[in-house]
Amino acid sequence: MVRNNKFTDVLDKIDGQLKMMQVRAAMTRFYYESDELLLAYEQALRLEEHSEKCVLQTRNLPVYTGVREACEAVSGIVCNCIGAKIGFTEEGWFYLSIPMLLPKKESGSAEYIRSALYPAMRDYFSHCPPVRFQESVLIFRHVYDKRRPERRWRDHDNIEVNMVSDIVAMYVLADDCPSVCSHYYCSAAGEEDRTTVYVVPKPDFPEWLRRENGG
């Protein structure tokens, strides 16, 4: 058997990231239990960074085995793990619920969004034809865990939002130019972090907004 050196290289990088994650996790716990919240925060960021790199590397690893079905199998696992909910309301409004907040990163690649969301959208619309809203409002509803301090709520203008918009537009919008598609951003407190995206025809937007405000 001819061994793939790239496979070994990626596996070595994964081992390195896992070791660093253990170190960062231990340091995060130590500082948190010592009431050094700022230091715990900094270590938690480093832990998240190593975790993201490790996930991206492990997604590539099966491909280097040479198995033809590797990409499809990895996409299936990603779809199942992210737990995105996709569908239409009784009013015919498109919705997408992602169990994470956007933005998740302040810099760097947003590939983690593309690799998780695109396969889920592709799978959903493989069973039904895409819907093309002609004039619509693209709504991003950021739901924050109510235990999160309000001062840590994050800005909406980011590369991840643009990535989601582009993927949604592929399947739901006839055009995403400003003349036919408006954007609306709002935030709310909930039981857990998540991002909900709606595509609503412009004439229906006042009704969506009334329901959002509890009217």
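There are zero disulfides in this structure, which is a predicted model. Two cysteines to look at are Cys181 and Cys186. Cys181 counts as buried because its relative accessibility is 3%, and Cys186 is buried too, with a relative accessible area of 10%.

Now let your eye move to the sheet. Five strands make up an open sheet, and their order across it is S1-S2-S5-S3-S4, with mixed pairing. At the edges sit strand S1 (85-88) and strand S4 (181-190), each of which pairs on one side only. On average, neighbouring strands of this sheet are turned by 15° against each other, direction ignored.

S1 and S2 pair in the antiparallel sense over four bridges, and Ile86 stands opposite Leu96 in S2. These two strands form a hairpin with five residues between them, and in the turn you will find Gly92, with a positive phi of about 90°. How many of the five residues of strand S2 are buried? Four of them are, so strand S2 (residues 94-98) is largely enclosed by the rest of the structure. On its way to the next strand, S2 pairs with S5 in the antiparallel sense over five bridges; here Phe94 has Val199 in S5 as its bridge partner. One example is Ile139, whose bridge partner in S4 is Tyr184.

Helix H6 (residues 205-212) lies across S3, S4 and strand S5 (194-201), and it runs at about 10° to S4.

Side chains of opposite charge can pair when their charged atoms come close. A search of the whole structure finds seven salt bridges, and one of them joins Arg211 to Glu91, with the closest N and O atoms 2.5 Å apart. This pair links distant parts of the chain, since Arg211 is in helix H6 and Glu91 is in the loop between S1 and S2, 120 residues apart. Arg211 counts as partly exposed at 42% relative accessibility, and Glu91 does at 34%.

Arg141 and Glu212 form another salt bridge, with their closest N and O atoms 2.7 Å apart. Because Arg141 lies in strand S3 and Glu212 in helix H6, the pair ties together parts that are 71 residues apart in sequence. Is Arg141 buried or exposed? Its relative accessible area is 18%, so Arg141 is buried, while Glu212, at 23%, is partly exposed.

Glu91, Glu207, Arg210 and Arg211 are linked in a network of salt bridges.

Finally, turn to helix H1 (residues 5-33). At 1.5 Å a residue, its 29 residues should span 42 Å, and this agrees with its end C-alpha atoms, which are 42 Å apart. The buried residues of H1 are Val10, Ile14, Gln17, Arg24 and Thr28, and what covers them includes helix H2 (37-60). After H1 comes Asp35, with a positive phi near 60°.

Note on methods
Residues numbered from 1 in each chain as written. Predicted model: local features only at pLDDT ≥ 70, side-chain atom pairs only at ≥ 80, totals over all residues. Heavy atoms only, no water. Pairing = 2+ DSSP bridges. Axes fitted to C-alpha atoms, helices over the stretch in contact; angles between N-to-C directions. Contact = heavy atoms within 4.5 Å. Disulfide = S-S within 2.5 Å. Buried < 20%, exposed > 50% of the residue type's maximum accessible area, 1.4 Å probe, protein only. Expected span 1.5 Å × (residues − 1). Salt bridge = Lys/Arg side-chain N within 4 Å of Asp/Glu carboxyl O.
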